[in-house]
Amino acid sequence: MDMGNKRMAVFVGCNYPNTRNELHGCINDVLTMKEVLVKRFGFDLRSVQLLTDAPGSVVLPTGANIKKALGQMIDQAEAGDVLLFHYSGHGTRIPSVKPGHPFRHDEAIVPCDFNLITDVDFRQLVNRLPKGASLTVLSDSCHSGGLIDKEKEQIGPKATITTNNAKVPSQSPKVIPFESILQHLTSLTNINTSDIGTHLLEFFGSDASLKYRLPPLERDQFESINPDEGILLSGCQANETSADMSPNEGGGKSYGAFSNAVQMVLKEHLGQLSNKQLVMMAREVLQAQGFEQQHPCLYCSDRNAGATFLWQPEC
């Protein structure tokens with residue numbers, strides 16, 4: 001891939017303030033990563049969109065607003081451009097709508113209004129990329145492994161490292177269980193059904209996920225374009241949770257364990273790192289910190305596994 005002409009990014013941090021699902025480090029995660037990308041990777045502030053649910057935010061990270069920001073970024077992209085979506089917030093697992101998979105689950109992120117953005121939505125975004133442009137998704141959320149539907153697993157459950165007994169600070173999982181999401185949506189629609197798609201379509205209409213808006217035959221045609229230019233760095237495996245850290249001592253600020261691990265690796269290694277190297281090093285950081293049940297993963301083509309993270313220019 002040629003060096004990108006433009007570098008564009010969308011950052012989304014959801015803390016869900018004053019709710020039972022409140023997190024504390026997600027906005028800190030995206031603000032810190034935004035600073036890193038501008039200073040080190042050459043992203044232009046004019047090409048960066050930031051959506052958070054901090055008090056006073058003008059544009060909240062609702063499902064519709066996040067998809068609009070991502071769509072605008074894709075529409076502006078040309079061959080050679082480098083695109084990033086960094087999300088820090090809750091994730092969830094939802095029952096698969098694919099025929100013949102009654103016990104299978106799919107992955108989704110949970111915007112502040114609970115209008116889920118699913119693996120099918122991310123697949124559609126990757127398929128819309130112009131030839132020669134790349135989209136890196138860095139998702140610091142629970143169940144984020146596999147968040148781009150049909151993307152090839154490069155580092156997943158099979159790539160394990162040894163564990164230790166390091167003490168982990170106070171933490172909260174970045175997950176809202178499916179049952180809780182269903183209960184919340186039911187309170188909005190007053191419809192008595194366990195079919196989450198019915199609730200999403202009733203309340204959000206055309207802003208609901210493509211997973212539920214498209215007929216099954218048309219949805220199943222969203223195959224990957226091999227090799228495509230989607231690159232997913234997930235905070236954990238599909239069956240794991242990602243941690244939101246709230247230090248109890250020293251007045252330290254809250255943070256997401258995965259986002260912090262990535263930032264630590266980038267700080268310690270100023271030269272170029274491949275996507276695979278970055279994920280494996282982030283795993284090692286988390287393991288050293290005592291996170292035995294959180295294993296970051298990498299999903300992308302074989303070529304992009306060895307490609308330089310965000311196509312960082314040589315120093």
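How many of the residues of strand β3 (residues 82–88) are buried? Seven of its seven residues are, so the strand is mostly covered, where buried means under 20% relative accessible area with a 1.4 Å probe, counting protein chains only. Strands (E, at least two residues) and helices (H or I, at least four residues) are DSSP runs, numbered from the N terminus. This is a predicted model, in which local features need pLDDT of at least 70, side-chain atom pairs count only at pLDDT 80 or more, and totals for chains, interfaces and linings use all residues. Residues are numbered from 1 along each chain as its sequence is written, and side-chain values use heavy atoms, with hydrogens and water left out.

**View 1. Strand β3 beside strand β1.** Strand β1 (residues 7–13) runs parallel to β3, and seven bridges join them. Two strands pair if DSSP finds at least two bridges between them. Val-12 stands opposite Tyr-87 of β3.

**View 2. Strand β3 beside strand β7.** Strand β7 (residues 134–140) is also parallel to β3 and is joined to β3 by seven bridges. Here Ser-88 stands opposite Asp-140 of β7.

**View 3. The whole protein chain.** The chain contains 10 helices and 13 strands. Of its 315 residues, 53% count as buried. Among contacts (heavy atoms within 4.5 Å) between residues at least 6 apart in sequence, 77% join residues at least 24 apart.

How values were computed. Buried < 20%, exposed > 50% of the residue type's maximum accessible area, 1.4 Å probe, protein only.
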